[in-house]
Amino acid sequence: MKITKDNVFYSFCNKNEPAVRVDAPVTMDFETMDCFGNQLRNPEDVMEEIDWDRINPATGPVYVNGAQPGDALKVTINSIKLNEKGTVCCLNEEGTLGDIIEGSHTRVTPVSDGFVHYQAKNGLTVDIPIKPMIGVIGVAPEDGLDINTGTPGKHGGNMDNTMIGEGVTLYFPVAAEGALFGFGDLHAVMGDGEIGVSGLEIPADVNVTIDVVKAKAPQFPVLETEEHLAVIVSKPTVDEACQTATELMEQMIAERTDLDLPDIVMLMSLLGDLQICQIVDPEKTVRFVFPKKYIPGLSF
Ligand code: CA
Ligand code: ZN
């Protein structure tokens, strides 16, 4: 099954009409547009002329039969096939250095043989290994909320987390009947922080497996790999996000082991990594990452 880029939405909301209804578990393909709605695909395309109502399209939403508020939606990213070119930008008043940037600037950049071939204005070529990731991914929030796809939160959304790539499994808190899952905003590569307000923004074809874990909704999205368990938290400030991410990881370890609180805190202090996802979106996103191998049985 494949959902094409003709099915997109611009806010996570339980009122959205499903693009498709599926029984879980299901493996399916998603065709995604870049965060500009594919409007900056050639060097002559300029930001001043784009339609800002078409920013951050997410492909979907998928209604997962049987997914109820209180469940976790489990999503495994099986493969990401990137387009042959992507676009990076910076512009006035956006990003961490927006106050010293004048106007808008884009670089349409080829992607081939596993590398992003960035070309600077002075002639410098920088070949960067690709690290494909999904910027926007999530489920509908609780009734009454309508969260644009540029904003991250408990539902997921624009988390811009460099860990969300091939082989990763995510768990989202289902808050609406059917979950109404979708994603977009792929990056060929991005640095933690996304300080200039974009990664290498690129259309892609992504294969995922979707399943439901009954009555196990996390408070914020949880990410799991073979090696790591991580919680992804978005808050108005990085400080608040760090505090909540640390509290939630402590709770996850406490619920899954018989370690006492001082041992959990000391092990988190020795082994856990508190890392920045992005600091340029309406809410800031961090992750607390813990290596699973030191605590037998630690997993979602
Ligand atoms: Ca993004
Ligand atoms: Zn993006």
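Is Arg 256 buried, exposed or partly exposed? Arg 256 is partly exposed, because its relative accessible area is 23%, where buried means under 20% relative accessible area, exposed over 50%, and partly exposed in between (1.4 Å probe, protein chains only). The model is predicted, so that local features need pLDDT of at least 70 and side-chain atom pairs count only at pLDDT 80 or more, whereas totals for chains, interfaces and linings use all residues. Residues are numbered from 1 along each chain as its sequence is written, chains are lettered from A and ligands numbered from 1 in the order in which they are written, and side-chain values use heavy atoms, with hydrogens and water left out.

The side chain of Arg 256 meets that of Glu 255 in a salt bridge, at 3.4 Å from N to O. A salt bridge is defined here as a side-chain nitrogen of Lys or Arg within 4 Å of a carboxyl oxygen of Asp or Glu. Glu 255 counts as exposed because its relative accessibility is 61%. By this rule, six salt bridges are counted. One of them joins Asp 71 and Lys 214, at 2.6 Å from N to O. This pair links distant parts of the chain, 143 residues apart: Asp 71 is in the loop between β6 (58–65) and β7 (72–82), and Lys 214 is in the loop between β18 and β19 (222–224). Strands (E, at least two residues) and helices (H or I, at least four) are DSSP runs, numbered from the N terminus. Asp 71 counts as buried because its relative accessibility is 3%.

A salt bridge is also formed by the side chains of Glu 224 and Lys 292, at 2.8 Å from N to O. Glu 224 lies in strand β19 and Lys 292 in the segment after β22 (284–291), so the pair ties together parts that are 68 residues apart in sequence. Glu 224 is buried, with a relative accessible area of 9%, and Lys 292 is buried, with a value of 15%.

Two metal ions were examined next. The calcium ion (ligand 1) is coordinated by Asn 158 (OD1), Asp 160 (OD), Asp 160 (OD) and Asp 185 (OD), at 2.3 to 2.5 Å. Donors are N, O and S atoms within 2.8 Å of the metal (3.2 Å for Na, K and Ca); water is not among the atoms, so sites may look incomplete. The donor residues of the calcium ion follow the sequence spacing N-x1-D-x24-D. Asn 158 lies in strand β15 (residues 156–158) and Asp 185 in strand β17, so the pair ties together parts that are 27 residues apart in sequence. Both Asn 158 and Asp 185 are buried.

The zinc ion (ligand 2) is coordinated by Asp 185 (OD), His 187 (NE2), Glu 201 (OE) and Glu 201 (OE), at 1.8 to 2.6 Å. Asp 185 bridges the zinc ion and the calcium ion, which lie 3.3 Å apart. Asp 185 lies in strand β17 (residues 181–187) and Glu 201 in the loop between β17 and β18 (204–213), so this pair ties together parts that are 16 residues apart in sequence. Glu 201, like Asp 185, is buried.
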